[in-house]
Amino acid sequence: MSTAPLVRTTPLLSAEALKVTFPGRRGAATARAVDGVDLDIRPGEIVALVGESGCGKTTLARSLLGLVAPTAGRVTFAGAPLDYAGRALKAYRKRVQLVLQDPSGSLNPRHTVYDAVAEGLRIHGYAGDERAAVSEGLSRAGLRPPERFFLRYPHELSGGQRQRVVIAGALVLEPELIVADEPVASLDASVRGEILALLLRLRDELGLSALVVTHDLGLAWNIADRVAVMYLGRIVETGPVEQLLTAPQHPYTQALLSVLPEAEGAPVVLTGEPPDPSKVPSGCRFHVRCQVLASGEAERAGVAEACRTVDLPVLNGGAMTQVACHWAAACGAKA
């Protein structure tokens, strides 16, 4: 688990009432991929965005990166609204860098490590000493001595080394924030810890912020300061990592945690797949799969009808623990 104190300063990056929709094909309903999200990332903070495949987390990340323009709402960076066109967007992408899941797919097999790391510098017209910048990026990413890697090609590197090259390519532009989409999913277990430790070291040494997109709450426990759990286009629970993962309130978060190897008790098996984002259920969007509703606990708490019919407000994206759940609210009120 990350041990840095939760940062309380003004957010570096914020999503405010963010929505991203995609038109359906041949008259089908509009897909609400991101359906009202508030989320803050503060300087020096690592936030883990967690959820099943199809929950909208990658679309949210792409919108925060400026790769997908929102349908509604806005993204602000350092207090200024994000401009999704022209030079302003290019300048923004220098300050916010993407690290993809598959380093093999991120690297051109015909480019040497040097050229791969230098690519961003060339795109942005870097006027300084390119060789020195590439060397510094590789060193910060843990590839030392950097000169030993300059003329190597991706196929000559291990998976962990390739991921470090991708990280180095982001670091040379001296970003303030990185968005890492499943940064260790394609790596062997023995290498994952090294990459996670690298991201933590970069946070501590450079003050680098990060949004880590993952389906793995175990990874969040090891790296994040704060966790945001996403389901069907919405953040359903968010808070400091230790509080959220040791005392989860939302049934969906509880289900995700129950399948971790270290979890106590029987795993919660959710029925079916996440609903189609073009057919968001009424009421709580999780209610059609909710183990609390299925077991009768929501009925006993007097909220079953609300679970099925009453929508929940968008969480405000702040630093404190929040949950969007009728049952959790009822239990908290009675506690």
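This section describes an open sheet, a nonpolar core and several backbone features of a predicted model.

Residues are numbered from 1 along each chain as its sequence is written, and side-chain values use heavy atoms, with hydrogens and water left out. Because the model is predicted, local features need pLDDT of at least 70 and side-chain atom pairs count only at pLDDT 80 or more, whereas totals for chains, interfaces and linings use all residues.

Helices (H or I, at least four residues) and strands (E, at least two) are DSSP runs, numbered from the N terminus; two strands are taken as paired if DSSP finds at least two bridges between them. Four strands form an open sheet in the order β2-β1-β4-β5, and their pairing is antiparallel. The edges are held by β2 (31–41) and β5 (80–81), each of which has a single partner strand, so one side of each is left without a neighbour in the sheet. Helix α1 (residues 57–64) packs on the sheet and touches β1, β2 and β4, where contact means heavy atoms within 4.5 Å. The direction of α1 makes about 120° with that of β1; axes are lines fitted to C-alpha atoms, for helices over the stretch in contact, and angles run from 0 to 180 degrees between N-to-C directions.

Strand β1 (residues 13–22) is joined to β4 (residues 72–77) by five bridges. The antiparallel pairing of β1 with β2 extends over eight bridges, and F22 has A31 of β2 as its bridge partner.

A nonpolar core is a set of buried Ala, Val, Leu, Ile, Met, Phe, Trp, Tyr and Cys residues joined through side-chain atoms within 4.5 Å; buried means under 20% relative accessible area, exposed over 50%, and partly exposed in between (1.4 Å probe, protein chains only). The largest such core has 108 residues, and L60, I167, L211, L217, I223 and V227 have the most contacts inside it. Helix α7 (residues 189–206) supplies the largest share, seven residues. Apart from neighbours within four places in sequence, L217 contacts V50, V227, L245, T253, L256, L257 and L260.

A78, in the loop between β4 and β5, is partly exposed, with a relative accessible area of 48%. E174 lies in the loop between α6 and β7 (177–181) and is exposed, at 62% relative accessible area. A cis peptide bond, with omega of about -10°, joins R144 and P145; P145 is in the loop between α5 (130–140) and α6 (159–171).
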